[in-house]
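Dear colleague,

I am passing on the structure we spoke about, with some notes on what was found in it. Please read them with the model open beside you.

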Amino acid sequence: MKGLLRLWRRTPVARVSRGQALVWAAVMLPSMLMITMLGLDMGRVVMVRRALQNSVDAAALAGAWKLPEDSGGATTEACLYVETNAVPEMTGAGCGGKADVTFPTTTRITVTSVRDVVPMFGSIVPLDFATIPVGADATAMVGSIRLLCTFPLFQTQNLLEASGAWQPNGADLLEFNVPMVMKTTSNDNASGNFLFLQVNGSSSKAAIRDAIGSPAGCSGGEITDSATTATGNAVGPLDQGMETRRGHYMNSSSPGYCPDPAPTLNAEGIAIHPYRGGELLTTENCYRLVQFPLLEGVSTSFNGTTTAKIRGFLTYYISNWCGQNSDPPKGSGSDSQHCAPPPDTGLPELKLGELWGYYLRHQAITNDPVQAYDGLGTKVVILVE
């Protein structure tokens with residue numbers, strides 16, 4: 001046994017293992033080097049692509065502001081931003097040889113640039129290409145924020161908070177799809193300052209009444225980033241207008257037929273029209289649905305004619321209101337200026353002129369659909385490609 005052990009010890013196993021390791025290292029080292037170089041090349045391509053994209057994005061957005069009137073100025077502005085955000089060795093037919101500027105339409109500008117990246121991988125492996133062309137392009141368009149046809153009322157954050165619709169819990173949560181009273185005066189007195197908007201430049205009570213009662217078309221006027229108030233005690237026009245509007249949405253032959261006092265929601269919680277094959281609810285197919293602005297400031301600061309900035313637009317589903325002609329009518333509550341609480345809602349009784357229903361959406365101005373620029377509305381530019 002001891003002889004066998006001595007024999008094993010004399011076998012040059014260690015020298016054999018060291019020789020195999022050197023062979024494997026000699027074989028694997030070039031492969032590992034190539035993989036490393038390939039990874040570095042890919043990283044360089046990504047970095048160059050990102051830098052080029054940032055440059056052409058900025059150039060397209062800057063140039064689009066000059067459209068559609070001044071394509072020459074758009075080119076100059078785009079090239080200025082290319083120079084400011086230049087990537088070394090970027091090339092193109094224009095902008096001093098750094099980028100191409102073209103105009104697919106009179107309201108669109110496209111900026112394109114290319115840079116060749118010399119791969120390190122190609123220095124050790126024979127390749128059919130000496131460089132990797134990296135390109136980026138951006139198209140921006142100029143348009144107008146779509147004008148919204150508005151119901152001639154407005155809200156402010158403090159009124160939404162007072163009605164329980166806005167919960168300032170750190171996230172500024174607006175409650176959707178639950179019954180909510182829409183306050184229409186700046187105080188708790190039923191004869192207070194009603195929060196009306198001017199209707200196509202008019203503050204008359206007849207114009208407000210007709211805009212509320214005529215839901216077809218854009219009777220309340222079109223607004224974008226600001227609105228002009230026409231506050232005052234106009235509970236009569238509101239009541240008369242709402243009675244006329246009810247005649248539309250309860251009429252089965254009306255294009256805005258929408259008789260249900262509560263909206264129907266699909267599985268995703270989106271309001272749909274049960275009488276039109278489940279299509280999405282709009283102000284055109286349901287005259288209970290209205291849009292009105294959320295104004296900056298507090299309700300008590302608006303008195304008479306005031307122009308204010310719009311924070312966004314609220315979409316509201318009208319279930320009923322409190323007035324002489326409502327159901328139940330005024331006087332059915334605690335006194336002659338109140339209506340009985342809406343049944344099965346948990347809401348309190350309504351003051352004269354208040355509405356109740358459901359907030360369905362808060363639409364920020366900057367998210368409003370952009371239409372082709374026609375010289376009207378708020379001019380905006382967006383990246384489209």
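**The second largest pocket and its surroundings**

Strand β13 gives the most to the lining of the second largest pocket, with three residues. This is a predicted model, in which local features need pLDDT of at least 70 and side-chain atom pairs count only at pLDDT 80 or more, while totals for chains, interfaces and linings use all residues. Residues are numbered from 1 along each chain as its sequence is written, and side-chain values use heavy atoms, with hydrogens and water left out.

The pocket (an open set of points on a 1 Å grid where a 1.4 Å probe fits, with protein on both sides within 12 Å along at least five of seven lines) holds about 260 Å³ of space. Of its 19 lining residues (those with an atom within 4 Å of a point), C149, P215, G217, R245 and T283 are the closest to its centre.

L289 is placed in β13 and counts as buried because its relative accessibility is 5%, buried meaning under 20% relative accessible area with a 1.4 Å probe and protein chains only. Leaving aside residues up to four places away in sequence, L289 touches R245 and L360, among others, where contact means heavy atoms within 4.5 Å. The C-alpha atoms of L289 and I318 are 6.3 Å apart, although 29 residues separate them along the chain.

R245 is one of the buried residues of helix α6, and those buried residues pack against α5, β13, β14 and β17.

Best regards

Methods: Buried < 20%, exposed > 50% of the residue type's maximum accessible area, 1.4 Å probe, protein only. Helix = DSSP H or I, 4+ residues; strand = E, 2+ residues; numbered from the N terminus. Points joined across faces, edges and corners; volume = space filled by probe spheres on them.
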